[in-house]
Amino acid sequence: MTAALFENVGKVYKSGLFSRTQIPAVRDVSLSVPMGSVFGLLGPNRAGKTTLVKLLLSLSRPSAGHVARFGEPIANRRTLSRVGYMHENHAFPRYLSASEVLNFYGGLSGVPGEELPRRSDALLERVGLADRKYEPISRFSKGMVQRLGLAQALINEPDLLILDEPTEGLDLLGRQLLRDISREFKAAGKTVLLVSHVLTEVEELCDELAVLVAGRVAFRGTMAALTADPATGGTRPLETALRQLYTREVTE
Amino acid sequence: MNLPDIVRCVRWMIRDTIRQSISTKLFYVMVALIAVVTLLCASIKVSDDVAPMTYDWEVPALIPKSEAEKLGLDRVKNDGVRVISGEVSFGFGLTKVPLGRTREDAVHFIQTWLAGWLADTAGVLLALLWTAGFLPTFLEPQSATVLLAKPAPRWSILLGKYLGVVLFVGFQATLFVGCTWLALGCATGVWSSAYWLAVPLLVLNFAVFYSVSVFLSVWTRSTVASAFGVLMFWLLCWLVDYSHLRMLAQPSGSMTPLAQMLMDAGYWILPKPLDLSGIFFDAMNAETLSAKPTELKIAESGGQHHPEWSVASSIAFAIGVLGLSAFEFKMTDY
């Protein structure tokens, strides 16, 4: 079974009076994210990475094609209780404390009430916020909010963890924590979908990846396949491989 | 999602909304206002009340005792003017007003003014402006994306938010009515149970208009649009409700059948704030205290005014608008 499946997916954003302006974000994307892997989703800005994530999370509806989570159509929201989501710019309600944030999102994810305090204490300990659990998050720095965002994504013990530019604002220890968690997920047979521009992280963690350029899949395969240099038969840096891919696709 | 999951989601949203309400500064302003009004009520004293004298043939003339003494008591009595010695004092005796009615009537008058004008107009408008920003803030993409990626259906999130706001305003209405009722009861010895009817009517009035605020918030995600829009809508409803009653009282021959039909349709579709006020007015038996709108009186005497239908159609309107909001929310891309 795949954690996520996209079949011939298209998404067009409409705006303006009578939806006259139509902006295609992704076009004819077919992609599957296998269980038990760390899957990287790369691409330049405006390539459609976040759009795919939003479609997978039922935040948007596809204009064409079919999207599935754990083999179920995305209309079945029940499968969202097996998904954790962390993005780059969290804005949690500022009137809540760290502990209340976890209880709130955990409760909405279907975590039983009696289980919430134990999980939220353990996660706050893990992300280094245990000593600030009762403090309103309006006093938190961006890095602390990101750590809390990570704890929030883990509160329902998900089978699929979606990380959209997760290291934004995180310090060295925070990044290390994120890497550790990704490895733990893979070891436990769970899945991580990583959207990132930080190539060292992608190289270190991802087994497979897809590269989106201008809303289309420009590459889909293993890291070794992407970094293989066809001219020399050796390997090339990931940055070089991506630059060629981005430029070629844009030129075409 | 099954029913227990939905109930849990709604419960979490209600809890979060109440937490959000308490965190705003305006909450403390509202509590302070209630405290001031309660203190004012506690400062009221009624003394030497009299039953109002009514004549069939003329409106009774009343004059305070102090004035009568200045003019000469005999002269006043000979002129058929009634001398009253009762008074209502405010601010622990700072201001005194002559009283020409019974103690109960005096207290009912104050309660009608408190619930009918202060709470039903100023209070409801303030609450609508205060809560207009709750949903737009909550629906900002940065905060909404994590929330909407949870398994709870969007409509249940919206319903929980709506119920949370209405419950919180209900708490404030109960606090206002309860505190002023207690203060007036202790100060005057008059305990009017009908005054408590103001709580459900205030909540209903607010809940109906807040559904419009919810729709505007979901549609525009703008606090300004939500606040301004609901204010305009509130004015429109008063205008349509009043115009309808006026037409019943004084049918205008100049109106075309189409205009008449549109006016009737507008009246039956839209909320009816004036009718809801009328229900409270009747419950407080306030007709002896201040004049009821003539239009409402004529409509009632002609059997053309049905308070129960006004309540039912206002509730139906709110449910319809909430349904539309839920549909719009479901169809919105984040």
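A:Gln22 is exposed, with 11 other C-beta atoms within 10 Å (20 or more count as buried, 12 or fewer as exposed and numbers in between as partly exposed, with C-beta atoms placed from the backbone). The model is predicted, so that local features need pLDDT of at least 70 and side-chain atom pairs count only at pLDDT 80 or more, while totals for chains, interfaces and linings use all residues. Residues are numbered from 1 along each chain as its sequence is written, and chains are lettered from A and ligands numbered from 1 in the order in which they are written.

A:Gln22 lies in strand β2 (residues 21–34) of chain A, where helices (H or I, at least four residues) and strands (E, at least two) are DSSP runs numbered from the N terminus. Leaving aside neighbours within four places in sequence, A:Gln22 is in contact with A:Val12 and A:Lys14, contact being defined by C-beta atoms, placed from the backbone, that lie within 7 Å.

The contact between the chains takes 26 residues from chain A and 23 residues from chain B. On the side of chain B that touches chain A, the elements giving two or more residues are α1 (3–23) and α7 (141–148) of chain B, and α1(B) gives the most, with eight residues. The residues of this side of chain B divide into 11 nonpolar, five polar and seven charged (Ala, Val, Leu, Ile, Met, Phe, Trp, Tyr, Cys and Pro count as nonpolar, Asp, Glu, Lys and Arg as charged, and the others, Gly among them, as polar).

Terms used. Two residues are in contact if their C-beta atoms, placed from the backbone, lie within 7 Å.
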